[in-house]
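Student: I would like a close look at one part of this model, with the cut-offs behind each term stated as we go.

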Amino acid sequence: GSLGHGFSYAVGQALAYKKLKINKTIFVVVGDGEMQEGQIWEGLILSKQLKLDNLVIILDYNKIQSDDFVKNISNIEPLGDKIKSFGCNVIEINGHSFNEIDYAFNKKFKNNNPKFIIANTIKGKGVSFMENVPSWHGSVKMSLDQIINSLIELKAEKKLIKLCEENYEN
């Protein structure tokens, strides 16, 4: 979530499971804009130090935050190298590929370091007028035509399109 609070919670939960000898894995999703927060980097340092191999961090790396590209606000590249330097096991994948996601979730490492998955994604994937357009990142009200066109592009079922048409309010 915003400002890295969810990540800090996940680090604490992974530590609690370790201390209680509960064999469970904690998964946490972070955003690329969130990677600019000090709280994230502090959590990475701590998770390595505490050997939290039961922590899997998934970065939704679509390279867009707020209303612009991440590189234009506060560039975080070279991201993979930075994360590795904090001691995490880094896997970079296509975040739209179920096979690559499955591979990353199941990959084993010989150390006790946390796993950090950089899932390269495209904001608005599958909707031509939204793909890689920063203005669609936030809360933008869509017109009925935009809703219908995006559902058609995403190959939604006709009954879903009809339901939207019947229930759309300006």
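At what angle do the axes of helix H6 (residues 144-153) and helix H7 (residues 158-167) cross, and within what distance do they come?

Tutor: This is a predicted model, in which local features need pLDDT of at least 70 and side-chain atom pairs count only at pLDDT 80 or more, while totals for chains, interfaces and linings use all residues. Residues are numbered from 1 along each chain as its sequence is written, and side-chain values use heavy atoms, with hydrogens and water left out.

The axes of H6 and H7 come within 10 Å and cross at roughly 175 degrees, where helices (H or I, at least four residues) and strands (E, at least two) are DSSP runs numbered from the N terminus, and axes are lines fitted to C-alpha atoms, for helices over the stretch in contact, with angles running from 0 to 180 degrees between N-to-C directions. H6 and H7 are therefore roughly antiparallel to each other (over 145 degrees; under 35 is roughly parallel, 65 to 115 roughly perpendicular and the rest oblique). On the H6 side the contact (heavy atoms within 4.5 Å) is made by Leu-144, Ile-147, Ile-148, Leu-151 and Ile-152, and these meet Leu-160, Ile-161, Cys-164 and Glu-165 of H7. By class, this contact has eight nonpolar, no polar and one charged residues (Ala, Val, Leu, Ile, Met, Phe, Trp, Tyr, Cys and Pro count as nonpolar, Asp, Glu, Lys and Arg as charged, and the others, Gly among them, as polar).

Six bridges join E2 (residues 55-61) to E6 (residues 115-120), and Val-56 has Lys-115 as its bridge partner in E6.

Most residues other than glycine have a negative phi, and most peptide bonds are trans. The bond from Glu-77 to Pro-78, however, is cis, with omega near -5 degrees, and Pro-78 sits in the loop between helix H3 (70-74) and helix H4 (79-85). Lys-51, in the loop between helix H2 (38-49) and E2, has a positive phi near 55 degrees.

Terms used: Pairing = 2+ DSSP bridges.
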